[in-house]
Amino acid sequence: MTRHGYRTLGCTLTVTLALAGCTASPPAAGPPPTGRVAPAGGLRLVAFDSCDEALRQLRTAAKAAVGPWGFGPDVIRQFSAERAAVGDVAKDASAASAPDFSGTNVHEAGVDEPDLVKTDGKRIVTVTRGVLSVVDPASRRVTGRLALDPDAERFSGGEASLLLHGDRALVLLRAGRTVKGPVPGRQTRPGTTPQARLVLLDLAGSPRVVGEYRIDGLLVDARQSGATARVVIRSAPRLDFPYRSDGKTDAQRIAANRAVIDKATLDDWLPRYEIRDSVRTVGTGRVGCDRVSRPAGFSGTSMVTVLSFDLGASSLGAGDPVTVAADGDTVYSTGQRLYVANDHRWRTWRGGPSAARDTSTEIYQFDTAAGTPRFVAAGSVPGWLIDQHALSEWDGHLRVATTTGDTWGRGTASQSGVYVLRADGATLKRVGAVTGLGKGERIFAVRFVGGTGYVVTFRQTDPLYGVDLRDPAAPRVTGELKINGYSSYLHPAGDGRLIGVGQDATDQGRVTGTQVSLFDVADPARPARIAQHHVAGGWSEAENDPHAFLYWAPERLVVIPVQRPGVVTDRAESVKGTPSGGVLALRMGDKGFTVAGAVDHPGALTDGGEWTPIRRSLMIGGVLWTVSDAGLKATALSGMTTLAWVPLT
């Protein structure tokens with residue numbers, strides 16, 4: 001699900017065992033009422049007093065949350081990887097790139113994010129269709145290949161990602177395996193429970209498996225600082241709700257579901273894990289109840305577990321699991337601190353527009369400088385987040401951009417704002433705010449650059465707001481630019497320039513295709529768009545996933561994948577009506593863009609006509625590499641001529 005389809009990208013991350021000494025607050029009677037959340041002072045995470053108390057509170061919360069058809073969309077939704085952006089916003093964007101190769105476009109410099117391709121300049125590692133491939137950029141050939149998930153080979157992309165550290169790669173498979181048992185939290189006959197699968201590989205020679213870790217649940221996301229990877233897993237209780245299609249009333253169905261919850265044991269909530277070496281299981285276990293904590297109000301419908309791994313170690317080990325009995329939507333990390341936000345948006349699906357008006361976002365702050373993450377403070381702000389870019393820490397303050405109100409009906413009452421929070425004891429207290437942005441619209445993109453925030457809202461036109469945040473207690477709007485269409489990703493390019501990727505639109509708000517905009521924001525009071533490149537009918541993955549966006553500062557080169565229905569440039573493979581899946585390269589000048597060229601893959605249509613578009617681009621030694629499920633292509637920037645095609649199929 002894309003973020004413009006109300007993506008609920010999950011993570012409610014961590015809690016430290018140091019909280020075990022805290023006094024538990026009174027047992028939760030269930031989640032807060034629809035659309036309402038606990039006040040900021042009530043968000044503190046605490047440990048359960050005992051395993052028996054944990055079971056009692058989980059049962060109570062789950063019974064309050066269960067409906068006639070189980071736990072609903074909150075449990076069955078899947079989560080995708082966090083969007084990414086540039087790092088230290090006080091620096092020029094070029095400082096985040098190494099001199100001879102480009103890395104993954106990440107939110108914070110030094111905090112890597114999983115993606116389907118990684119490079120260290122010496123090798124390109126990619127995982128597609130459950131198969132990991134290693135390509136030597138010097139010889140331009142595949143030097144290693146290892147099948148990790150044969151079932152995934154039938155599908156195209158999106159199911160696996162990886163992190164890279166030296167000669168080690170950690171491959172993250174979202175649901176690489178299932179085990180027999182009830183489908184968690186669903187009204188269905190017994191089936192299978194999804195298990196996330198993490199595979200540690202040694203790439204020093206031919207790729208080989210060093211270790212493997214399997215745990216109940218779905219992969220939410222991961223972050224890597226140095227050799228340490230923190231992997232976030234979301235799991236649901238393994239409850240076999242009765243399947244009823246016999247005309248029972250909702251009240252009867254709820255009663256039956258609550259009876260199932262009353263009989264559940266703590267084992268039905270706590271995630272199970274399995275540790276393997278290269279060939280066999282070497283250990284099994286479950287997260288201990290002493291490692292589970294909770295906020296004051298929680299639903300009992302899900303748990304989020306944080307695993308910590310040393311990618312330089314000889315094996316993955318048990319992952320030092322830490323678990324929170326809570327829901328979550330968004331994670332933002334600076335490396336030193338981790339923020340986890342939960343906006344309860346799933347409750348608005350139950351409560352409708354009135355609930356949307358009351359939605360708030362809870363935010364937890366953790367110290368992740370070393371060891372197990374340690375809870376520091378919590379707070380809340382009105383509204384909901386679009387993604388992790390709506391959060392940014394600067395000079396000890398957290399800036400948060402949210403939208404409040406109903407955004408999907410006629411006569412919408414939505415608006416957006418930016419809030420500034422600072423930790424005061426165990427509370428993230430609001431020290432300043434600016435509201436009333438884009439009335440009747442919602443946020444489509446946010447970027448914080450040093451002491452300035454840029455917020456794009458959209459319904460029919462695209463206001464780009466500049467917000468001065470240098471005085472945390474008195475943020476203010478300094479300028480506004482209204483244009484047709486919108487930007488859904490903003491990328492600082494230095495020298496007072498901002499690149500936007502999104503969609504152009506008519507005066508009535510009907511989108512007409514991909515647009516790349518160049519904004520001059522040097523004067524905060526007078527933001528201006530100085531250039532635009534439009535691809536009629538086009539759509540780019542970079543609009544929703546900035547991992548697909550490449551800005552190569554040494555060449556001032558913007559590269560994005562673009563899909564255009566009904567256009568296929570590789571005539572030998574052409575099928576009428578099939579989208580193209582190439583990339584567009586634009587060179588950014590002082591006053592605008594010039595087209596540097598385009599790249600297509602000969603394998604754009606493979607496996608009997610399956611569409612495999614180009615999804616990623618990277619630079620190594622002055623060569624542009626593009627990546628699809630079909631293979632990799634090396635292209636010279638001079639003249640955009642093909643140097644090599646490296647097939648993966």
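Two strands count as paired if DSSP finds at least two bridges between them. Keep that in mind for the exercises below, which work on a predicted model.

**Exercise 1.** Work out which residue stands opposite L632, and describe the strand pairing around it.

*Solution.* Start with the strands: strand 41 covers residues 631–636, and it pairs with strand 42 in the antiparallel sense over 6 bridges. That clears the cut-off of at least two bridges. Now look across from L632, and you'll find V646 in strand 42.

**Exercise 2.** Decide whether Q195 is buried or exposed, and find a polar partner for its side chain.

*Solution.* First locate Q195: it sits in strand 8, residues 191–202. Its relative accessibility is 5%, so Q195 counts as buried, the cut-off being under 20%. Then check the side chain of Q195, which makes a polar contact with the side chain of D216 at 3.1 Å.

**Exercise 3.** Sum up the chain as a whole in terms of its helices, strands and burial.

*Solution.* Count the elements: 5 helices and 42 strands. Next comes burial: of the 649 residues, 61% are buried. Finally, the chain exposes about 23600 Å², with carbon and sulfur atoms supplying 49% of that.

How values were computed. Residues numbered from 1 in each chain as written. Predicted model: local features only at pLDDT ≥ 70, side-chain atom pairs only at ≥ 80, totals over all residues. Heavy atoms only, no water. Helix = DSSP H or I, 4+ residues; strand = E, 2+ residues; numbered from the N terminus. Buried < 20%, exposed > 50% of the residue type's maximum accessible area, 1.4 Å probe, protein only. Areas by Shrake-Rupley, 256 points an atom, 1.4 Å probe, with all protein chains shown as cover. Polar contact = N/O pair within 3.5 Å; in protein donor to acceptor, adjacent residues only side chain to side chain.
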